Amino acid sequence: MRPASAAATPLLRAAAAALAAWAVVRATGLERGGRLAIPVSFTPYVPPLGIAVTAAAVRRGRPGSAAVAGASTAALAVAVLPRALRRDRCAGPAAGLPLRIGVANLLLGHASPEAVVALVCSERIDVLVTPELTPRAVTRLGVAGLGRLLPHHVLAPAAGGEGNGVWSRWALRPSGAAAGYPVGPHVAVQMPGAGDVEVVAAHPAPPKAVHVRSGEWAAGLRALPRPRPGRRWILAGDLNATLDHALLREVLAGGWTDAAAAVGAGLRPTWGPLAAGRAWPAVVAIDHVLVDDTVAVRSVAVRRLAGSDHRAIVAELVVPSSAVSVPAPR
């Protein structure tokens with residue numbers, strides 16, 4: 001019978017190799033094709049495991065495994081931890097007009113309309129984006145009184161998960177795509193004192209096998225627009241990607257800032273399985289509010305939403321007044 005330390009050696013080597021492979025995938029974006037997209041979503045949980053593997057290798061006197069595991073863990077921690085740290089200077093100006101925007105995935109219209117209305121009331125939401133909006137959900141939300149709180153809207157309901165909508169306290173007008181999948185509606189919210197604020201709703205396909213094989217998951221993320229100079233821009237929705245996905249990081253590199261990461265809330269998960277009507281703990285952060293560099297972020301909160309497998313997110317933003325000019329298009 002082999003000693004316990006000898007039996008542990010292959011396991012430590014395998015664990016160290018797995019950590020190294022994970023770090024390589026995360027650093028290089030090998031999940032772009034989609035097959036590794038779901039595992040990569042769980043990257044924030046890997047550094048604590050890496051610390052345990054590194055400590056075990058040190059205790060067992062396996063310096064090679066300890067070095068590989070330690071280096072891989074450090075690389076993953078460097079990628080993940082900044083999301084939990086509030087930046088000294090958040091996106092945009094420090095002063096301006098407050099705007100509270102929410103994202104509430106309705107789970108094919110099954111989310112409680114009363115819960116949505118209560119969320120808008122308690123969080124004083126000015127603009128609400130509702131992925132997975134169905135025609136029946138529009139009716140139920142109307143009966144529950146959402147229209148009294150947010151009377152202006154541009155909606156693109158659909159029977160499947162392709163529907164979406166933007167509801168607003170202030171007047172708005174269509175400013176771009178009206179479809180809800182993967183991008184739209186796109187509206188200009190006429191915010192008092194700030195002028196037009198461009199709000200783009202989005203809901204790319206999830207990285208399920210069917211969407212991976214067709215390339216729809218990657219195509220949906222690549223379809224997300226970049227903010228253009230001359231306006232104030234916000235993009236919000238269920239993006240079906242975390243900040244560990246290279247495709248979403250490429251979107252951010254086009255001029256967006258993730259609101260949650262800007263205020264140290266980037267590790268708060270927003271989606272978890274729903275089984276037998278019971279919401280289990282959320283596990284990954286796939287719902288996002290993105291802002292351009294004219295808009296500041298004060299806070300981001302994650303709230304339960306009865307009947308949905310998503311948590312609602314609410315971002316408190318600061319939009320410069322109309323007296324403050326923004327860069328004009330070139």
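Buried means under 20% relative accessible area, exposed means over 50%, and partly exposed is in between, with a 1.4 Å probe and protein chains only. This is a predicted model: local features need pLDDT of at least 70, side-chain atom pairs count only at pLDDT 80 or more, and totals for chains, interfaces and linings use all residues. Residues are numbered from 1 along each chain as its sequence is written, and side-chain values use heavy atoms, with hydrogens and water left out.

**Stop 1: Arg 303 and Glu 123**

Select Arg 303. At 35% relative accessibility, Arg 303 counts as partly exposed. At 10%, Glu 123 counts as buried. The two side chains meet in a salt bridge, 2.7 Å from N to O. The term stands for a side-chain nitrogen of Lys or Arg within 4 Å of a carboxyl oxygen of Asp or Glu. Glu 123 lies in helix H5 and Arg 303 in strand S13 (residues 296-303), so the pair ties together parts that are 180 residues apart in sequence. Helices (H or I, at least four residues) and strands (E, at least two) are DSSP runs, numbered from the N terminus.

Arg 100 sits in strand S1 (residues 97-103), 23 residues from Glu 123. Both Glu 123 and Arg 100 are buried.

Which residues complete the network? Salt bridges that share partners join Arg 100, Glu 123, Arg 298, Arg 303 and Glu 316.

**Stop 2: H5 against H6**

Show helix H5 (residues 113-123) and helix H6 (residues 135-144). Their axes come within 8 Å and cross at roughly 55°. Axes are lines fitted to C-alpha atoms, for helices over the stretch in contact; angles run from 0 to 180 degrees between N-to-C directions. That makes H5 oblique to H6. Angles under 35 degrees count as roughly parallel, over 145 as roughly antiparallel, 65 to 115 as roughly perpendicular, and the rest as oblique.

Now pick the contact residues, with contact meaning heavy atoms within 4.5 Å. From H5, take Pro 113, Glu 114, Val 116 and Val 117; from H6, take Arg 140, Leu 141 and Ala 144. They divide into five nonpolar, no polar and two charged. Ala, Val, Leu, Ile, Met, Phe, Trp, Tyr, Cys and Pro count as nonpolar, Asp, Glu, Lys and Arg as charged, and the others, Gly among them, as polar.

**Stop 3: Arg 32 and H10**

Go to Arg 32. Its salt bridge partner is Glu 250, with the closest N and O atoms 2.6 Å apart. Arg 32 is in the loop between helix H1 (4-28) and helix H2 (37-40), while Glu 250 is in helix H10 (residues 246-253), 218 residues away. Arg 32 is partly exposed at 30%, and Glu 250 is partly exposed at 36%. A search of the whole structure finds 11 salt bridges.

Stay on H10. Which of its residues are buried? Select Ala 246, Leu 247, Leu 248, Val 251 and Leu 252. They pack against helix H9 (216-222), strand S9 (257-258) and strand S12 (287-291). Just after H10, look at Gly 255, which takes a positive phi of about 125°.

**Stop 4: Ala 20**

Finish in helix H1, at Ala 20. Ala 20 is partly exposed, with a relative accessible area of 23%. Ala 20 touches Val 68 and Ser 72, not counting residues up to four places away in sequence. Ala 71 is 51 residues from Ala 20 in sequence, and 8.1 Å away in space, C-alpha to C-alpha.
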